[in-house]
Amino acid sequence: MAAAGLHDARQPRPGPKVTRAAALSLLAGLLILAGLLWAAASVLPGWVWRVPAAWQPDLAGTVNRAFTWVARRAEIGSLAVRDITRAVASLIEVPLDLVRGLLVEGFRLRLGSGLRFEIAALPWWALTAVWGMLAHRIGGRPSMLLVLGTCLYFLVFGLWTPAMLTLASVSLSVAFGAVAGLLLGAWAYRAPRLDAGLGAVYDIMQTLPVFSYLVPILLFFGFGPVAALTATVIYAMPPMARNTTLALRRLPPSVTDLATMVGCTPRQRMWLVLLPAARHGLLAGLNQVIMLSLSAVIIASIIGAGGLGNDVLQGLKSMQLGRAFEAGVGITLLAIVLDRLSRAQALRRPAHGAEGHGRGRRLGWQVAALLLAGLVAAQLFPPLRAFPEMLVVSTGRMLDQAVAWANIAFEAPIGALRDGMVRHVLRPVKDALLALPWLAVTAAAVLAAARIQGLRLALATLAMLGFIALSGYWDQAMISLYLVLVSTLVAMLIGFPVGLAAGLHPGLDRWITLVIDTLQTLPTFVYLIPVVMLFGLGDFPAMVAIVLYALPPAIRYTKDGIARVPASLIEAADMAGCSPRQKLAYVQIPHALPEIMLGVSQTLLMAFGMLVITSLVGTRGLEQETLVAVSKARVGEGLIAGLGISFLSIIADRLISQGSQRLRQRLAGPGAGQEHP
Amino acid sequence: MTDPTFPIRCRNLWKIYGPGAAALAATHAPGPDPETLASRGLLAALRDVTLDIGKGEVFVIMGLSGSGKSTLVRCMTGLVPPTMGDLLIDGENLRDMSPDRLIEIRRHKISMVFQDFALLPHLTVLGNIAFPLKVQGIDRESRERRAAELVELVGLAGRESHFPHELSGGQQQRVGIARSLITNPEIWFLDEPFSALDPLIRHEMQDELMRLQATLNKTVVFITHDFDEAIRIADRIAIMRGGRVVQVDTPEGLVLAPADDYVAAFTRKIPRHRVLRVASVLGPVSAGATGDPVRNTALVGDVAARVLAADAPLPVVDGGGTIVGSLDRQSVIGTVFGVNA
């Protein structure tokens, strides 16, 4: 479908000329820009430089009024929208209260007047034992030890309660997200037209900063766990839907034929044949839902979700960094556990004998018995409820002192690094981007889009940049862009050589893969902790956090690109007498270039994702507007600034990935892998 | 209308792909000419196919890839609707069937074996075999009892609780065969069932198929691109090329009288003694013929050893025991080397 826009009449054929033309036009764009700047100072009218205030409609105000009206006044029939949303909220609250009650809070029942009855939550020892057993079944002894160690960590550091709160939110968000994603994905599979539309919606859902849609959710559901849960589901559901559609579409045609030939009804076809046959793909989607849910639940602590994220946030705010660090390690452990277990479950293939029905059922009974015993014991013997206080330790104070000492001891090198970067890299780039006239930037981007893909992308780029300019957030957008661009560049500067080394030396690769796999499971929030500890607040620590977060794809794509150069090509280069350096320069890197460019676009997307979170350490771009909007409950500002970030990342991603596709076609040679004429 | 001797009848069947194919069907009945197709950029996967498949026969549809054999069988099973023409299953026109009736037919009357087995990865051998009955809403105990019988029939006893990925290719297809038989269908479609298997296993599975068919007597529609396989199992073979059926005949008929050079090219490589029957090569009744007589319907290859070992020609008898000719060494050797007949 996308091919329609690719081939307007003036579009040259894919081939060497195209990328050269694209490069030329980019160069031309830059030249025009420079010329404009030089000639501009006095000649050009002011509206070329800055969008006049008169052009900017009061979008935010309109959106605010509209939302407030819907939330406060609007009625559907005789029901106020407000009552409806409150009813929905209390409906969502039922399972949430149940899980939180079981894991943390217990239940208070009121029986008649004055008669009260309390049920204690499941005690720590029962939950630990049950999770250990389940982990053993899914991933064997290593998984069990990991789970037991994690539980022990939470207990010893006094993080059990926040960890259980986080887990309660994550499990509910996963349940909602997985079911909604499965249904939407299956629906999109049956209606391909719908699929294209949903894809665009998911793009926005995944690139829109969480803070942006927190505000409207707050407006409808009020402050607290329900709002947090809703935001989390919105953030975490799209990969499940996409994975479901993709997994169903990749099934061999014979499986769908089988469903027809045994006489399935449409419902049997989906539930008895297609979805079970696609289950590996579905479980891969579930893994992503789990990891994104964890990430979002942590972020949602700023609107009162509680849990580990709250400990980190409070620690950061009051500069009790030790406390924040402990909670951060807890989040890290939780992330690794959830990732390992869900991945192991996804890769597991059933085997005969090893797990007959009897065995699974027995485990089920054991778990149920253990939980029941836990409930009863905790009810009857209160000392069995909580972990003994005397065993709880905190290294918080010690860590705080260590950080204070390190900051003093290494003040000179850290300060020099920070100030040098700020003075010589960050500030000049920022000033340059801010100095550029908005019209020239927009024109250059649109020109590049037209050359790289065609009319469709050019129009989309124009619309999106135009929206940012007219919304009055142009300067903030440039500040966001500058931070992302610099961070991406630094990430590539580090990631490219590391990826190259890993691609050339398989022995090194194993370790690097382990490190980047772990880095990738960590929720965004966690990255802020060490960075703030060492560098304090501002653009430089924000950049470091973004680089750390965006590094894995930079390494991974480079590595894969190099490793995937066909062996025959390497041998041909050897036989032609290339030196290792020549081989790298003339064969391996050129061949891996499309993959590396894809890595750049992924790195860029990750950078935009992390950018949103860095608003917490005091950056000044669009992301800050979305955070401020949350605290002031301004729907309009939050949504518009958020859409700005979303648009910037979509444009950047499309430009680079389309460029990579062109390059790939060129490498594949004429005729190979071409689209239809 | 119902003709019990021909469960499947195709009448002027066309399948045309491309934009506006349906509109073409409305204006160009009973079938468009090649120029019309070419000028509109349409592709005909089936061109005017007419054939009857008899009850209890093994009917092989043979063709290279792109010849339309898969499209034909997909039309017969209703997986793909034909653009023009009629397809009668036991006299019922597939075109006029309601979706419910089609489901009904698929649940009880026809079944299919797939090239890539199409086993469900989350079900055991027993679960896979019993699956069609599950779809029909039959309770677990009865369907698993019936599935256990089929496990026995296809020689997989002891592997009931294995999962598909734990089985070899041949074993997986045995599961596919058992699954397709559990509903006790009248018509059995096999779409290149052994193409994904290596040659030794393929041979073994062909024997297995013939063993099953000897007791079951289904109407079998078997798709293959392998002419050796076709002549081994077929009662009759339809050879397809470019969407057309070029020739329909017995293996012997194809060898003795190929309709054109294309068919002849296939038959040339075939060991003739495995196709030709005594009746096609016998000599005149001769007084010199002595010894145990051979049947005129036996394959030459099956009686060759006896003829070569005998000192004189052997007499040939028909089903009633009447002597109809004689068979000498010359004829047998000539058949093997393709110099007579």
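**Salt bridges**

I counted 30 salt bridges over all chains, taking a salt bridge as a side-chain nitrogen of Lys or Arg within 4 Å of a carboxyl oxygen of Asp or Glu. The model is predicted, so I note that local features need pLDDT of at least 70 and side-chain atom pairs count only at pLDDT 80 or more, while totals for chains, interfaces and linings use all residues. Residues are numbered from 1 along each chain as its sequence is written, chains are lettered from A and ligands numbered from 1 in the order in which they are written, and side-chain values use heavy atoms, with hydrogens and water left out.

I looked up Asp52(B) and found a salt bridge with Arg9(B), with 3.2 Å between the closest N and O atoms. Asp52(B) lies in strand β2 (residues 43–53) of chain B and Arg9(B) in strand β1 (residues 8–17) of chain B, so the pair ties together parts 43 residues apart in sequence. Helices (H or I, at least four residues) and strands (E, at least two) are DSSP runs, numbered from the N terminus.

Next I took Lys109(B), which forms a salt bridge with Asp90(B) at 3.1 Å, N to O. Lys109(B) lies in the loop between α4 and β6 of chain B and Asp90(B) in the loop between β4 (84–89) and β5 of chain B, so this pair ties together parts 19 residues apart in sequence. Lys109(B) is buried, with a relative accessible area of 14%. I use buried for under 20% relative accessible area, exposed for over 50% and partly exposed for in between (1.4 Å probe, protein chains only).

I also noted a network of salt bridges linking Asp203(A), Arg242(A), Asp653(A) and Arg654(A).

**Buried side of a helix**

**Surface patches**

Leu372(A), Val376(A), Leu380(A), Phe381(A) and Leu384(A) make a nonpolar surface patch of about 480 Å². Patches are made of residues with over 30% relative accessible area and no salt bridge, like charges being joined within 9 Å and nonpolar side chains (Val, Leu, Ile, Met, Phe, Trp, Tyr) within 5 Å. Accessible areas come from the Shrake-Rupley method with a 1.4 Å probe; for residues, only the protein chains shown count as cover. I placed Leu380(A) in helix α17 (residues 357–380) of chain A.
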